[in-house]
Amino acid sequence: MVSGGFLCGQGVKKRGIVWGVLTGLMYGVVMIVLGMCINPDFAPGSKTALILFISLCGGGLGGVLGINF
(Lines give C-alpha, C1' and ligand atoms only; values in the text may rest on other atoms or scores of the structure.)
Protein backbone atom coordinates (compact mmCIF):
# COMPACT_ATOMS: atom_id res chain seq x y z
CA MET A 1 0.00 0.00 0.00
CA VAL A 2 2.82 2.35 0.78
CA SER A 3 4.16 1.82 -2.74
CA GLY A 4 0.85 2.91 -4.30
CA GLY A 5 0.79 6.08 -2.24
CA PHE A 6 4.47 6.67 -3.01
CA LEU A 7 3.93 6.43 -6.77
CA CYS A 8 0.86 8.61 -6.56
CA GLY A 9 2.75 11.22 -4.52
CA GLN A 10 5.61 11.26 -6.99
CA GLY A 11 3.22 11.81 -9.85
CA VAL A 12 1.30 14.78 -8.47
CA LYS A 13 4.08 16.60 -6.56
CA LYS A 14 1.48 18.35 -4.37
CA ARG A 15 -0.75 17.21 -1.51
CA GLY A 16 0.87 13.79 -1.33
CA ILE A 17 -0.92 12.80 1.85
CA VAL A 18 -4.34 13.47 0.30
CA TRP A 19 -3.62 11.48 -2.84
CA GLY A 20 -1.97 8.73 -0.82
CA VAL A 21 -4.97 8.43 1.51
CA LEU A 22 -7.29 8.32 -1.49
CA THR A 23 -5.16 5.55 -2.98
CA GLY A 24 -5.35 3.69 0.33
CA LEU A 25 -9.12 4.18 0.47
CA MET A 26 -9.53 2.75 -3.03
CA TYR A 27 -7.37 -0.24 -2.11
CA GLY A 28 -9.30 -0.86 1.11
CA VAL A 29 -12.69 -0.62 -0.58
CA VAL A 30 -11.62 -2.97 -3.38
CA MET A 31 -10.36 -5.50 -0.84
CA ILE A 32 -13.61 -5.32 1.15
CA VAL A 33 -15.76 -5.70 -1.98
CA LEU A 34 -13.68 -8.66 -3.13
CA GLY A 35 -14.06 -10.21 0.31
CA MET A 36 -17.83 -9.82 0.05
CA CYS A 37 -17.87 -11.38 -3.42
CA ILE A 38 -15.68 -14.33 -2.50
CA ASN A 39 -17.29 -15.08 0.85
CA PRO A 40 -21.08 -14.60 0.87
CA ASP A 41 -21.13 -14.85 4.68
CA PHE A 42 -18.79 -11.87 4.98
CA ALA A 43 -19.87 -9.47 7.69
CA PRO A 44 -18.03 -6.15 8.16
CA GLY A 45 -16.70 -5.72 11.67
CA SER A 46 -13.73 -4.51 13.63
CA LYS A 47 -11.24 -6.38 11.43
CA THR A 48 -12.69 -4.69 8.36
CA ALA A 49 -12.33 -1.29 9.98
CA LEU A 50 -8.74 -2.15 10.93
CA ILE A 51 -7.91 -3.15 7.36
CA LEU A 52 -9.37 0.11 6.07
CA PHE A 53 -7.49 2.14 8.70
CA ILE A 54 -4.17 0.45 7.92
CA SER A 55 -4.61 0.96 4.18
CA LEU A 56 -5.43 4.65 4.71
CA CYS A 57 -2.36 5.15 6.93
CA GLY A 58 -0.11 3.23 4.56
CA GLY A 59 -1.30 5.20 1.56
CA GLY A 60 -0.88 8.51 3.38
CA LEU A 61 2.64 7.57 4.48
CA GLY A 62 3.53 6.58 0.94
CA GLY A 63 2.14 9.84 -0.41
CA VAL A 64 4.23 11.90 2.02
CA LEU A 65 7.35 9.90 1.16
CA GLY A 66 6.61 10.22 -2.56
CA ILE A 67 6.54 14.00 -2.34
CA ASN A 68 9.78 14.20 -0.36
CA PHE A 69 11.92 11.65 -2.21
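Author: Of the 69 residues of the protein chain, 23% count as buried, where buried means under 20% relative accessible area, exposed over 50%, and partly exposed in between, with a 1.4 Å probe and protein chains only. This is a predicted model, in which local features need pLDDT of at least 70 and side-chain atom pairs count only at pLDDT 80 or more, while totals for chains, interfaces and linings use all residues. Residues are numbered from 1 along each chain as its sequence is written, and side-chain values use heavy atoms, with hydrogens and water left out.

The protein chain has three helices and zero strands, helices being DSSP runs of H or I with at least four residues and strands runs of E with at least two, numbered from the N terminus. Its C-alpha atoms fill a box of roughly 40 × 20 × 15 Å along the principal axes. Among contacts between residues at least 6 apart in sequence, 74% join residues at least 24 apart, a contact being heavy atoms within 4.5 Å.

The part in question is the packing of helix α2 (residues 16-38) with helix α3 (residues 46-68), whose axes are 7 Å apart and meet at an angle of about 150°; axes are lines fitted to C-alpha atoms over the stretch in contact, and angles run from 0 to 180 degrees between N-to-C directions. On the α2 side the contact includes Gly16, Gly20, Gly24, Tyr27 and Gly28, and on the α3 side it includes Leu52, Ser55, Gly59, Gly60 and Gly63. By class, this contact has ten nonpolar, nine polar and no charged residues, with Ala, Val, Leu, Ile, Met, Phe, Trp, Tyr, Cys and Pro counted as nonpolar, Asp, Glu, Lys and Arg as charged, and the others, Gly among them, as polar.

Ser55 counts as buried because its relative accessibility is 3%. Leaving aside neighbours within four places in sequence, Ser55 is in contact with Met1, Gly24, Tyr27 and Gly28. A polar atom of the Ser55 side chain also lies 2.9 Å from the backbone oxygen of Leu52.

For Ile38, which lies in helix α2, the relative accessible area is 73%, so Ile38 is exposed. From Gly16, Ile38 is 22 residues away in sequence and 33 Å away in space, C-alpha to C-alpha.

Technical notes. Polar contact = N/O pair within 3.5 Å; in protein donor to acceptor, adjacent residues only side chain to side chain.
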